[in-house]
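Hi,

Here is the structure I said I would pass on. Have a look at it first, and then read my notes below.

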Amino acid sequence: MSTILEYMGSDHRACDDLFALAEEAAGNKNWDSARDLFGKFQAAMAHHLAMEEEVLFPAFEERTGMSAGPTQVMRMEHEQMRALIADMAAAAQAGNVSAYLGASETLNMLMQQHNLKEENMLYPMADRALGADRAAVLHSMEAVSK
Amino acid sequence: MSTQPGLAFSQAPPFSLPLRFFLTAPMFLIAASILIAFYPEALASRWTPQALALTHALTLGFLAMVMLGAMLQMLPVVAGSPLPAPRFVARASHIALTLGTAALLAGFLLGTPKAFAAGVILLLAAFAVFIAAAAISLARAASNATVNGMRFAVASLVFTVALGIALALLRAGWENAPIIEGASAAHVGFGLLGWVLLLVAGVAWQVVPMFQITPPYPPRLSRWLAGAMFVLLALRAFAPLLPHRGVILLDAGLAAGVLLFAFHTLNLQSRRRRKLPDITLDYWRLGMASLIACVLAWLVAQLWPAWAKSNAYPMLLGVLFLVGFAVSVVAGMLYKIVPFLAWFHLQAQLQAKAGTIPNMKQMIDEKNLRLQFRLHLAALALLVAAVAWPDALHMPAGIVLALSALMLWGNLSSALRRYLQHGGRLA
């Protein structure tokens, strides 16, 4: 059985891959490919954030009684990410390289430091807190629609 | 505040706390370049008062200044464990480090015992406050490779400071050349290969994969390097009591550790997923190349004893390690951290909607980043040449380094200016 850390950590890597591919295409002004890859990245991110906000965070909050703690900070950073992804979407539509790369550089920093906090702290805490219910939570996360 | 490790990662310190360190540091880089421009003695031998002032302007005024600010910022993120009383620790250690470094430089240059003593006392206060806070934070932290690296880096800082104070006392009265030489070798070893290198490596385990999206460092390297280097440094501190061969063996071990770190970093960066031009990447590559050049210089010294005894050899090592490696890596980090924090705090304060605040790349003009990097590169080349010909080249080397440092300050300030123009608050 995989852990929350393994499952969600590898989903971070998958999002990173799409992010890097879309950014490279945008940097080369290869817009058809960039829009396609960005669309995939946007969908993968929406799915990842939904798995956390709809399943993992509520389960974590219920189990630990911490609703104003780490998950609140994570939700706030999710909103910041969504705003930057919206900037990238607008730049991709307009074919504006510098706007895209400015937003993507900012998103990368935000996303990576966010992932560090999740992988170093939140996911291991969730794995410990959920104990035997981990499999059920992983199952519900997999069921979140893509 | 929760005392359970890993629970307190929400508390990013206010922008003004790390920023004061980051904007003060370039001032000491400017001070260092003025010393180089005015005094050929600063590059002629490592023992001249001007060279000692120059070294400490770089290590205390620039490097330690940025590193304290960066640890304050990074501990909550990488360790889930903020410094206790961050406002007090930041304000007290920043002011004491700034004044203490200035006084120590004056003490070296003017030879006034009062300035020297004031410098030592203020620096002791700055580091005592910071080390105590960092020790509490690191003791509470959930362990990982970066936290492990930071623990050994801070332990090395403790030895560096203690040996520095011992050297100051020896200098004040007791003249005993062999003891001074042994203690300064340990002071330099713990300071540069312990505190500076282990902290950079500890931070690298996390940020190198994160900035350019590279594969992770091999876990065996990130887990063991800091501890192994620290043990070698601790044994090396007893060099005066060891046979000459033993010392060379320890040095070879340290050189191998440096090479492992540098080559792994370059290798990961060559396998990066983000392939677009990036100034931080350029700075890190220059830094790693300089580390490798340090080891080559050390190898040449082993084969050519006359050069090993020359004044130029330790000066070259110092220029390559401090300006080529440490200043480069730190400048590259500042160009990520400062624009990101300006954006992050602005966004959080204004709850800004998409597109209404400048993004990271709009915080500092890309052209100015490139120009500043080129100036730094030119300054490094001139400094390396000036080690061979200090009289002829100290002036141009100092001037170009001053321009580069001034521009670093200007670039970082432009992020602050945009932050304030868009309604960001510092209080």
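(Ala, Val, Leu, Ile, Met, Phe, Trp, Tyr, Cys and Pro count as nonpolar, Asp, Glu, Lys and Arg as charged, and the others, Gly among them, as polar.)

Some housekeeping. This is a predicted model, where local features need pLDDT of at least 70 and side-chain atom pairs count only at pLDDT 80 or more, while totals for chains, interfaces and linings use all residues. Residues are numbered from 1 along each chain as its sequence is written, and chains are lettered from A and ligands numbered from 1 in the order in which they are written.

Now chain A. Helix α1 (residues 4-27) and helix α4 (residues 97-130) of chain A pack at an angle of about 175°, and their axes are 10 Å apart. That makes α1(A) roughly antiparallel to α4(A). (Axes are lines fitted to C-alpha atoms, for helices over the stretch in contact, and angles run from 0 to 180 degrees between N-to-C directions; under 35 degrees counts as roughly parallel, over 145 as roughly antiparallel, 65 to 115 as roughly perpendicular and the rest as oblique.) Among the residues that meet there are A:Ile4, A:Leu5 and A:Met8 in α1(A), and A:Tyr100, A:Leu101 and A:Tyr123 in α4(A). By class, this contact has 10 nonpolar, 5 polar and 4 charged residues.

Is A:Lys29 buried or exposed? A:Lys29 is exposed, with 10 other C-beta atoms within 10 Å. (Buried takes 20 or more other C-beta atoms within 10 Å of a residue's own, exposed 12 or fewer, and partly exposed is in between, with C-beta atoms placed from the backbone.)

Helix α3 (residues 70-94) of chain A has 25 residues and reaches 36 Å from its first C-alpha to its last, close to the 36 Å expected at 1.5 Å a residue. (The expected span is 1.5 Å times one less than the number of residues.) Its buried residues include A:Met74, A:Leu84, A:Ile85 and A:Met88. What covers the buried residues of α3(A) includes α1, α2 (31-64) and α4 of chain A, together with α12 (312-350) of chain B. After α3(A) comes A:Gly95, with a positive phi near 65°.

Over to chain B. Helices α5 (residues 113-140) and α6 (residues 145-172) of chain B pack at about 160°, with axes 11 Å apart. That makes α5(B) roughly antiparallel to α6(B). Their contact has 18 nonpolar, no polar and 1 charged residues. B:Val161 is in α6(B) and counts as buried, with 22 C-beta neighbours inside 10 Å. Leaving out residues up to four places away in sequence, B:Val161 touches B:Leu124 and B:Phe127.

Further along, α14(B) and helix α15 (residues 390-421) of chain B pack at an angle of about 155°, with their axes 8 Å apart. They are therefore roughly antiparallel to each other. The residues of their contact divide into 18 nonpolar, 6 polar and no charged.

With 12 C-beta neighbours inside 10 Å, B:Ala388 counts as exposed. B:Ala388 and B:Leu43 are 345 residues apart in sequence and 9.0 Å apart in space, C-alpha to C-alpha.

Happy browsing!

Definitions and conventions: Helix = DSSP H or I, 4+ residues; strand = E, 2+ residues; numbered from the N terminus. Contact = placed C-beta atoms within 7 Å.
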